[in-house]
Amino acid sequence: MDLSIIIVNYKTKDLTLQTLKSVFQAQPPKGKMEVILVDNASDDDTTITARKLFPPIKIIDSQTNIGFAGGNNLGIRQAKGRYVLLLNSDTLIEADTLVKMVEFMDNNPKAGLSTCQVKLLNGELDPASHRGFPTPWAAFTYFLGLEKIFPSSRIFGQYHLGCKNLREVHEIDSPSGAFFMLKKRALDQVGLLDETFFMYGEDIDLAYRLKKAGWQIIYTPITKIIHLKGASGISSSSKSQRLKTTASFFNTMKIFYHKHYQKKYLFLIKWLVFLGIDMVKLIKNIKIKLS
């Protein structure tokens with residue numbers, strides 16, 4: 001088995017079916033491919049419809065919403081492919097995406113994780129798909145707005161790696177979980193997604209562990225996907241839901257720092273980082289409440 005594609009669905013029926021359609025219409029790799037749909041207790045007929053439209057699909061029904069990490073882990077445990085692709089339920093892949101990415105991984109044995117171009121509807125690269133790790137300095141320059149002023153700077157643009165040439169293959173620290181092509185052997189070495197990260201951060205945490213174990217993480221522009229970011233309704237949901245989502249995002253940053261950076265930096269640095277996180281979170285919350 002060449003490739004296992006895992007898609008986690010939570011109340012995004014129409015988007016999920018669009019994603020599945022693009023996957024089954026794409027050219028499969030030379031070896032066998034399997035598609036695993038994990039439903040996080042959506043309480044709708046997504047899985048029934050998916051099984052009718054795409055008979056080869058494998059369905060895993062979770063009895064509760066266990067988050068993105070937990071849902072993907074259910075799929076990974078049943079995956080049989082040499083490679084595992086974690087694919088968001090709000091993405092559309094190109095006809096050649098699967099073939100080219102499997103070939104790319106075959107030709108790059110040191111790559112434990114790779115991503116193609118992840119484009120937004122406006123044609124721009126999804127910033128989250130091309131990241132450096134959120135070190136205190138990278139986080140500081142990003143939240144202070146210095147990266148926005150100097151996006152191509154090696155000093156101030158470390159979080160989104162704006163100094164890199166997007167037309168060339170190169171190493172990054174972490175892609176987005178929207179398109180996460182993993183070598184199963186590397187995944188077996190470092191372990192599954194950390195389910196402490198319920199909604200955000202599980203992708204960058206896994207990338208950090210892979211890099212620490214000596215695997216390369218590579219961005220390649222040989223093919224692309226479209227990420228329908230925001231189409232799931234979060235951006236247009238109720239204020240209470242948006243506040244909850246914002247809280248989850250910033251709490252995730254603290255979890256990541258505690259796990260990977262606490263022993264690397266002085267207490268004062270940790271205090272300043274958490275203060276910065278809380279201040280930006282407060283500003284975001286005020287904007288949501290006033291909107």
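Reader: Which residues does leucine 206 touch, not counting residues up to four places away in sequence?

Author: This is a predicted model. In it, leucine 206 touches Phe180, Leu182, Leu187, Val190, Gly191 and Leu193, leaving aside residues up to four places away in sequence.

Reader: Which residues have the most contacts inside the largest nonpolar core?

Author: Leu86, Leu182, Leu206 and Leu210 do. That core has 33 residues.

Reader: Which helix gives the largest share of this core?

Author: Helix H8, residues 202-212. Five residues of the core come from H8.

Reader: And what lies apart from it?

Author: Another core, of 29 residues. Ile57, Tyr83, Leu87 and Val102 are among them.

Reader: New topic. Where is alanine 178 found?

Author: In the loop between strand S7 (170-171) and strand S8 (179-183).

Reader: Is alanine 178 buried or exposed?

Author: Buried. Its relative accessibility is 1%, and buried means under 20%, so alanine 178 counts as buried.

Reader: Now helix H5. Which residues of H5 are buried?

Author: Pro136, Ala138, Ala139 and Thr141 are the buried ones. H5 covers residues 136-143.

Reader: Which glycine follows H5?

Author: Glycine 145. The phi of glycine 145 is positive, near 90 degrees.

Conventions
Residues are numbered from 1 along each chain as its sequence is written. This is a predicted model: local features need pLDDT of at least 70, side-chain atom pairs count only at pLDDT 80 or more; totals for chains, interfaces and linings use all residues. Side-chain values use heavy atoms; hydrogens and water are left out. Buried means under 20% relative accessible area, exposed over 50%, partly exposed in between (1.4 Å probe, protein chains only). Helices (H or I, at least four residues) and strands (E, at least two) are DSSP runs, numbered from the N terminus. A nonpolar core is a set of buried Ala, Val, Leu, Ile, Met, Phe, Trp, Tyr and Cys residues joined through side-chain atoms within 4.5 Å. Contact means heavy atoms within 4.5 Å.
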